[in-house]
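Reader: I would like to go through this model step by step. Can we begin with the structure itself?

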Amino acid sequence: MRVLLVMPTPFENGRLGLENVVWLSEPVALTAVGTAVRDRHEVRVLDMRLEDEDALAKTLVEFRPHVVGTTSMTTDAYQAKAVLSVARNICPDALTVVGGHHPTLCPDEFDLDYVDVIVQGEGELTFVELCERWDAQREAGDRTFAGVRGTAYRATDGRRCVNAKREQTANLDALPLPDRSLIAKYQGRYFFTGIRPMASIFTSRGCSFDCNFCAIWEFYERRTRFLSASKIVDQMEACSEPFIFVLDDNFLTNKRRATELCDELERRGVKKYWMTQGRTDFAADHPELMKRLADNGLVMVLSGFESNSDDNLAALRKRSSWQKNIEANRVMREHGIFSTGIFMVRADWTREQFAGLWEYVKSLQIAVPLFTILTPLPGTQLYRTYKDQLLTTDHRLFDLLHAVLPTRLPREEFYKEFCAGYDETESSVRDAFKAITKRRPKFVAKILTGMVWFYARTWRYQRIHFDHKSFLRDEEGLLNGPGAKAGLTWEDITYPTGDEPDVEREPAGGKLVRLRISRRIWADDVAERSRAQVGT
Amino acid sequence: MTVVSIDEARHRPDPSRAFLADLRRDIEAHPGVNHLFLARCATSPFARQDYRVFGENHYALVCVFTSYLERLLVRAPSSDAKLWLAKVLVDEYGEGSEGHDHATLYGDFLAACGSDLHRTPDAKVPEPAYRFIREHRRIVTEEPFLVGLGAVGPGHEWAIPKMFHAVIPGLRRAGFSEAEIHYFTLHVEQDVDHGTWLEEALAKFGSTHEARAQIRRGAMLSLEARHEFWSGVQRAVVRWRQPRAVRPDGAKPRSFFGEIALTAWDGSPRLRALEDRVAALQQRRRPTLREIIDQGRR
Ligand code: B12
Ligand code: SF4
């Protein structure tokens, strides 16, 4: 069978956005599920972010796939649907399949006549079984998949049927490693800022924390699974690119595994520069390990610093503190690791709160600060709390750069303040780069041309991004549409304190695995902090 | 023993009918008809404002469509061809739409989008529409009759219902009433009729290999222009939302030096001003709506 897997563009071609300038990651979801079926079927991956608009139709005509699959996070849900609707038009006999975070957490949205199957949760084993079944049934045009766990499908009579959940693979090592030759044609075109050419791999899945704005732990049902150190290094060795992005949501979470990875890298003498995402409290608490990771090629960590206030962090259930952020940033700078920090502003912020955040960021001297707006993403606790108080349900505005809840400042003023962030904190970036260049001259020399390239591209993006009117234009006509609540003001929104019980949610099936960090410890932290504040 | 391929066998009984079936399939699968922009209209909640840009870019096409038919009518070699062209023309002039011609119907849609372009005949024709019209004028005047028929016949009539089928749900989602989008819904119905009449006419013409090749060529030329047109409309919509996007070209790959040179160019106010002047000049050279309609009549 011929299987076509399509990575949608997140926005209409030509609109400058994150993928064009900051971070273009390999379509690992598609290489992962494609690899799982490639021994039985002919698989092609089409990355529409790097193709012309007509490539999809042309490929469908020329390749004549029997299966067309695509992936979607919330922001590109419409684009994923567009892919499948074109597929249905051109290849009406092909099975159309969608997987990924948004279809898993909001399957009802994909209950459409041109979407045959929704794959929920981890995709590899489900896709293997689905392809086998379709291969056997397609002559008869039978699109019913009763019993294929982890799928929802449309029965012949048009009814939507939901199969039982598929258990996650307990041992990640048992899954085939994504075969990157599936995207050989795009090699060299993926990047993180100026760091390119870059490969993308994953080494774990899930996160054991439960931040209320994040869907990761819900998607992976509060479990984290890890690849063994030898499998990780196998992947790294197989990459011809000098730079690798490790896509784990929280790489910095297990001390033993990080140590084993360092051992393995040293034993096999693998020298790669790599980047990842991880929590600041881990970096702050394990400076020695961070040094060892840096010695083994770790050059950048993207972390959710989120806020300059402990109350805000607690409200997000971040279970960390602003002091940990400061300490983590110091540790990373000291060891020559670029620290990329994501900060969240809130729609109800005042000018003073914005100013306070810029001051904090400047004092941190963080290498790459990224500013976002707290957004109740579908599938999160926040979403369940605020889903009836949204100004818009347009998923394109859930990119963490638009306020989907009412702002306290007039919207124009709010975006003005928000846009000022990068200008206000420029000195932080400069100082951090100077400090890291001293510690890691070789690495900096290696990314120098990439950085020039990056600044050339971002210059064009900045014209949009630094102009608050771009944000207003983006949302013109899109607020207060269907599903939005009319007449809302910022005063109608009660932000969480972090202490409230989770809003009841129907479990996706199966039992939840207990949180690794229990709530009690967090409560103790708070008690300790208040004791420290009163000097006991 | 003579081996007959399945394809050959399929073509034997009535080659022109088989040809038309293949042609219809190819048209319906063409990137111009399945442009992602159209699928995005179907799936994304574009606002009325987006559709205003869409409409303003599309309007000129609607105003001049009959001129292609009129030109072809003059050149039609037989009464069959004339008959089909005349039937379609009657519809375009207002049959089935209470005497309103299609441009008038489209004007209602524009008004619902908040545009008054239909009352501004001295507005310049937007670039994507101008290119599309220029190409079609060339096809119907300079190319052989059957190429022209391929372009305005199957290239339009078999393509439009499919394209509008994607746009209509988006328009409804944006809150337009059925009366406001009558132009679109009418075309889905009417062009199915036109397509059927056309099939009869084409079956008569497509008797030789050469004739079939000419009809196909015309359809494909039209659809390529159509693809470019939709890309242009999409660029206009993106540009309207993001007027500060200096070069809305997405993740286009460029060499290191290409990227730097382009940024240096964009960074220089003088060079940007030069570019703007060239663009203004090009715009000045484009006809106005009134002029392009008059050109069609001439
Ligand atoms: C790399 C990445 C990006 C990249 C590119 C995204 C991409 N799709 O490749 C970039 C940087 C552009 C990006 C941007 C954003 N991202 Co992001 N990103 C990630 C990250 C870290 C890794 C994605 C990945 O490759 N994972 C590895 C693969 C193997 O996992 P997977 O995608 O889940 O795929 C498995 C299953 O879902 C399933 N599956 C998935 N697709 C398909 C398709 C088929 C056919 C089948 C059968 C199965 C299947 O099978 C796969 C294998 O088991 C994820 C977090 C994560 N762990 O996934 C966040 C994540 C996807 N991003 C997220 C968010 C919120 C964003 C942003 C909105 C915000 C931001 N500022 O970061 C922006 C949006 C930008 C925009 N354009 O509008 C959220 C999405 C939540 C949601 N509700 O959708 C995630 C989950 C992070 C989080 N902590 O919540 N992101
Ligand atoms: S620590 Fe990071 S990945 Fe884990 S739940 Fe919180 S935000 Fe999500």
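**Salt bridges, strands and a ligand shell**

Author: In this predicted model, A:D111 counts as partly exposed, at 35% relative accessibility.

Reader: Which residue meets the side chain of A:D111 in a salt bridge?

Author: A:D111 lies in the loop between α5 (101-105) and β6 (117-119) of chain A, and its partner lies in strand β8 of chain A, so the pair ties together parts that are 49 residues apart in sequence. The N to O distance is 3.2 Å, and the residue is A:R160.

Reader: How many residues apart are A:R292 and A:E266?

Author: A:R292 forms a salt bridge with A:E266, with the closest N and O atoms 3.0 Å apart. A:R292 is in helix α11 (residues 287-295) of chain A and A:E266 is in helix α9 (residues 255-268) of chain A; the pair links distant parts of the chain, 26 residues apart.

Reader: Is A:D54 buried or exposed?

Author: The side chain of A:D54 meets that of A:K58 in a salt bridge (2.9 Å, N to O). A:K58 is partly exposed, with a relative accessible area of 47%. Buried means under 20% relative accessible area. Because A:D54 has 16% relative accessibility, A:D54 counts as buried.

Reader: What residue stands opposite A:F243 in β13(A)?

Author: Strand β10 (residues 198-201) of chain A is joined to β13(A) by four bridges, and these strands run parallel. The residue opposite A:F243 is A:M198.

Reader: How many charged residues are in the shell around ligand 2?

Author: Ligand 2 is surrounded by nine-lettered labels one can look up in the structure, including A:C207, A:W217, A:D249, A:R279 and A:K318. By class, the shell has six nonpolar residues and no polar ones, and the number of charged residues is three.

Notes. Residues are numbered from 1 along each chain as its sequence is written. Chains are lettered from A and ligands numbered from 1 in the order in which they are written. This is a predicted model: local features need pLDDT of at least 70, side-chain atom pairs count only at pLDDT 80 or more; totals for chains, interfaces and linings use all residues. Side-chain values use heavy atoms; hydrogens and water are left out. A residue is near a molecule or strand if one of its heavy atoms lies within 4 Å of it. Ala, Val, Leu, Ile, Met, Phe, Trp, Tyr, Cys and Pro count as nonpolar, Asp, Glu, Lys and Arg as charged, and the others, Gly among them, as polar. Two strands pair if DSSP finds at least two bridges between them. Helices (H or I, at least four residues) and strands (E, at least two) are DSSP runs, numbered from the N terminus. A salt bridge is a side-chain nitrogen of Lys or Arg within 4 Å of a carboxyl oxygen of Asp or Glu. Buried means under 20% relative accessible area, exposed over 50%, partly exposed in between (1.4 Å probe, protein chains only).
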